[in-house]
Amino acid sequence: IVDMSYASNNVPKMLANLVNLKRTISFVPCIMQTFLYLAFAHIECLILVVMSYDRFVAICHPLHYTVIMNWRMCTVLASTSWVFSFLLALVHLILILRLPFCGPHEINHFFCEILSVLKLACADTRLNQVVIFAASVFILVGPLCLVLVSYSRILFAILRIQSGEGRRKAFSTCSSHLCVVGLFFGSAIVMYMAPKSNHPEEQQKILSLFYSLFNPMLNPFVY
């Protein structure tokens, strides 16, 4: 659901722009596109952390798995991810709406990506930039650290497995998730946390296209 929503938020308008000479989007749809794009990106990060915890419990505490990861726990973890992500995206939306946009109204991007939208504001956007960086630390670096902690524990557990078949089964359980984590977190951290001088605009556009379009398309195949 997250992958489909994430891609369908940007792709239809992007495809329409490829075939139309008049590539325009009004203000409200653009802001909504930014909001939903951020919300589903945040959900993806948090759901990947929940999945790493699920694999940790399955491999390190297999006999307690059905007790720990019951339907109530799964529902709470998923619901918390969705609610928190939309609230954080709402903070970004409110900070954008307080800014004046007095032209030129031309977004140098494939869709209404937040950094590209902020470049159109004719006011100080330092607060927005600080909030974006703080949110990136909280939603990218923090979850990535939790994923790495989970997988370090999983690795030690796998190394203690005596049979080769058991090790292969454990590795195959984790490999698809690790691929998705590497693709998503790697491109997002480079995009939002690396110094902007290191990445020209064209490179930033390709990076954002990668994790907003290619990742959701690749995930079903990877899994």
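Q: How do you know that the span of H6 is close to the one expected for its 34 residues?
A: In this predicted model, H6 reaches 48 Å from its first C-alpha to its last.

Q: What makes the pair of Arg55 and Asp54 a salt bridge?
A: The closest N and O atoms of Arg55 and Asp54 are 3.9 Å apart. The criterion is a side-chain nitrogen of Lys or Arg within 4 Å of a carboxyl oxygen of Asp or Glu, and therefore the pair qualifies. Both Arg55 and Asp54 are buried.

Q: How many salt bridges does a search of the whole structure find?
A: The search finds two. Besides the bridge between Arg55 and Asp54, the side chains of Asp124 and Arg126 meet at 2.9 Å, N to O.

Q: What makes the pair of Phe84 and Phe138 stacked, edge-to-face or tilted?
A: The ring centres of Phe84 and Phe138 are 5.6 Å apart, and rings pair if their centres lie within 6.5 Å. Their planes stand at 50°. Stacked pairs need an angle under 30 degrees and edge-to-face pairs one over 60, so the pair is tilted. Phe84 lies in helix H4 and Phe138 in helix H6, so the pair ties together parts that are 54 residues apart in sequence. At 31% relative accessible area, Phe84 is partly exposed, whereas Phe138, at 53%, counts as exposed.

Q: Which residues do ring pairs link into a cluster?
A: The structure holds nine aromatic pairs. Ring pairs link Phe35, Phe40, Trp82 and Phe86 into a cluster.

Q: Which members of the largest nonpolar core touch the most other members?
A: The core has 55 residues, and Ile59, Ile114, Ile154, Phe185 and Tyr192 touch the most other members. Helices H1, H2, H4, H5, H6, H7 and H8 each supply at least two residues. The largest share, 16 residues, comes from H2. As for Ile154, its contacts beyond four places in sequence are Ser52, Arg55, Phe56, Ile59, Cys60 and Cys174.

Q: Why is Asn20 called partly exposed?
A: Asn20 has a relative accessible area of 36%. Because buried means under 20% and exposed over 50%, this value falls in between, and Asn20 is partly exposed. Asn20 lies in the loop between H1 and H2. Its C-alpha atom is separated by 35 Å from that of Phe133, 113 residues apart along the chain.

Technical notes
Residues are numbered from 1 along each chain as its sequence is written. This is a predicted model: local features need pLDDT of at least 70, side-chain atom pairs count only at pLDDT 80 or more; totals for chains, interfaces and linings use all residues. Side-chain values use heavy atoms; hydrogens and water are left out. A nonpolar core is a set of buried Ala, Val, Leu, Ile, Met, Phe, Trp, Tyr and Cys residues joined through side-chain atoms within 4.5 Å. Buried means under 20% relative accessible area, exposed over 50%, partly exposed in between (1.4 Å probe, protein chains only). Helices (H or I, at least four residues) and strands (E, at least two) are DSSP runs, numbered from the N terminus. Contact means heavy atoms within 4.5 Å. The expected span of a helix is 1.5 Å times one less than its number of residues. Rings of Phe, Tyr and Trp (its six-membered ring) pair if their centres lie within 6.5 Å; planes under 30 degrees apart count as stacked, over 60 as edge-to-face and the rest as tilted.
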